[in-house]
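Here is a short briefing on one protein model. Look through the sequence and the 3D view, then read the points below.

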Amino acid sequence: MKILFAGDLNFRGIDPVGFDDSNAILSEVKPYLTSADFRVVNLETPLARKENHRPIKKSGPNLIGIPENIAFLKAFGADAVTLANNHIGDFGEGACADTILLLDETGIAHCGAGENTEAAYRACYFQRDGKTTALISVCENEFGMATDTSWGSAGYEPRRLLRQIREEKDYADYVIVAFHGGNEFNPLPSPATTERYRLICDMGADAVIAGHTHCPQGYEIFDGKPIVYSMGNLLFKSAVEKAPEDAWHYGYLCLLEIGDIVSITPIPYRFSTDAKQIHVFDGEERDAMLAYLDKLNACIADPVTLARCFEGWSILHPWCPRLPNSYDDNTSGNFNLISCEAHCDQLRTLLSLYHRETYEDALPWGEKMKELQKMPI
């Protein structure tokens with residue numbers, strides 16, 4: 001069974017894309033889409049009429065697409081979308097419900113959001129050659145999370161996820177967990193993130209496929225199980241002008257092959273700044289991007305290097321200058337620093353550097369992280 005996973009998809013700043021426009025954007029991707037048995041993408045926006053809904057209170061932007069954007073998912077050949085992310089609830093419960101209704105009407109399976117937490121944790125399934133794969137979608141606890149009585153995303157709850165994986169194992173041959181989380185713009189996962197995803201493998205997942213960082217991160221095989229830390233954006237126009245070579249515009253598709261063993265093949269690309277074309281790398285460009293991913297993979301495999309890199313990242317991130325004075329009237333921002341696992345990782349690491357008086361020691365690792373942020377082509 002071959003399942004092709006793609007990263008974050010958002011239609012901000014893109015003119016309404018019809019089926020023909022979408023096919024043009026995806027022209028270089030099409031051969032890889034058609035060679036897979038199933039295709040999955042993270043839909044990081046509600047698709048609903050903006051005038052019918054109100055944005056929720058949060059830090060960061062409130063994003064929304066329009067129902068007509070479903071044409072892109074059709075052109076992509078999406079068999080399923082993951083919805084557990086920090087934007088599907090940006091315009092409240094109604095927009096989330098409208099999106100799920102639209103997907104149901106279109107015949108696209110989904111997981112990761114629903115009318116309550118139980119529904120959001122339900123898996124969707126892929127079946128081929130007598131084998132069944134279950135896909136569960138969860139995310140870090142930011143904004144728009146489902147509760148026992150309200151619509152939203154499946155926020156990460158370890159015991160609930162453990163029970164869900166065990167339940168799916170009774171029915172399916174394989175269980176894949178799609179996880180939306182990590183530190184944005186960081187080319188490497190934090191040590192806590194690697195432990196979190198490895199724990200999910202210990203829970204029984206056969207692979208973890210993650211995203212959210214708006215840049216590609218590496219991957220590893222842990223106890224025979226693939227962990228993809230971030231595929232980067234699939235198509236997501238930046239709100240501010242970024243150079244074409246900014247990591248925001250880079251990513252890779254992940255071809256997951258499931259059989260006696262579960263393996264992954266990365267397919268790297270870059271999309272244009274106007275989000276009108278996805279260019280799949282070939283030849284020397286492809287070799288350069290795969291070598292870059294191998295460099296990230298080597299850092300992930302070395303726990304000491306990974307820890308030092310995250311210390312460097314923690315002082316490098318733009319939150320850093322305001323952290324000592326962050327407890328002001330910025331209620332949403334302060335909540336997000338504490339509630340979101342990735343943000344809490346960084347805050348804890350930064351405060352630890354101050355406490356241990358090793359802040360200066362981390363500065364060179366911040367410079368190393370700046371180098372790792374640079375794309376090789």
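**Cavities and strands in a predicted model**

The structure holds 3 cavities of 30 Å³ or more. A cavity is a set of points, on a 1 Å grid over the protein atoms alone, where a 1.4 Å probe fits but cannot get out. Grid points are joined across faces, edges and corners, and a volume is the space filled by probe spheres set on the points. This is a predicted model: local features need pLDDT of at least 70, side-chain atom pairs count only at pLDDT 80 or more, and totals for chains, interfaces and linings use all residues. Residues are numbered from 1 along each chain as its sequence is written, and side-chain values use heavy atoms, with hydrogens and water left out.

**The largest cavity**

- The largest cavity has about 130 Å³ of space.
- It is lined by 18 residues, and Asn42, Thr82, Ala178, Phe179 and Ile209 are the closest to its centre. Lining residues have an atom within 4 Å of a point.
- By class, the lining of the largest cavity has 10 nonpolar, 7 polar and 1 charged residues. Ala, Val, Leu, Ile, Met, Phe, Trp, Tyr, Cys and Pro count as nonpolar; Asp, Glu, Lys and Arg count as charged; the others, Gly among them, count as polar.
- At least two lining residues come from each of strand 1 (2–9), strand 2 (38–43), strand 9 (174–180) and strand 10 (207–211). Strands are DSSP runs (E, at least two residues), numbered from the N terminus.
- Strand 1 gives the most, with 4 residues.

**Strand pairing**

- Strand 10 runs parallel to strand 12 (residues 225–228), and 2 bridges join them. Two strands pair if DSSP finds at least two bridges between them.
- Ile209 stands opposite Val228 in strand 12. Ile209 is also among the residues closest to the centre of the largest cavity.
- Strand 11 (219–222) and strand 12 pair in the antiparallel sense over 4 bridges.
- Val228 in strand 12 is the bridge partner of Tyr219 as well.
- Strands 11 and 12 form a hairpin with 2 residues between them. Asp223 in the turn has a positive phi of about 50 degrees.

**Positive phi in loops**

- His212 lies in the loop between strand 10 and strand 11. Its phi is near 125 degrees, a positive value in a residue other than glycine.
- His212 is buried, at 2% relative accessibility. Buried means under 20% relative accessible area, exposed over 50%, and partly exposed in between (1.4 Å probe, protein chains only).
- Ala275 sits in the loop between strand 15 (262–271) and strand 16 (278–280). Ala275 is not a glycine, yet has a positive phi of about 60 degrees.
- Ala275 is buried, with a relative accessible area of 0%.

Key:
1 Å grid on protein atoms, 1.4 Å probe; cavity = no way out; pocket = protein on both sides within 12 Å on 5 of 7 lines; lining within 4 Å.
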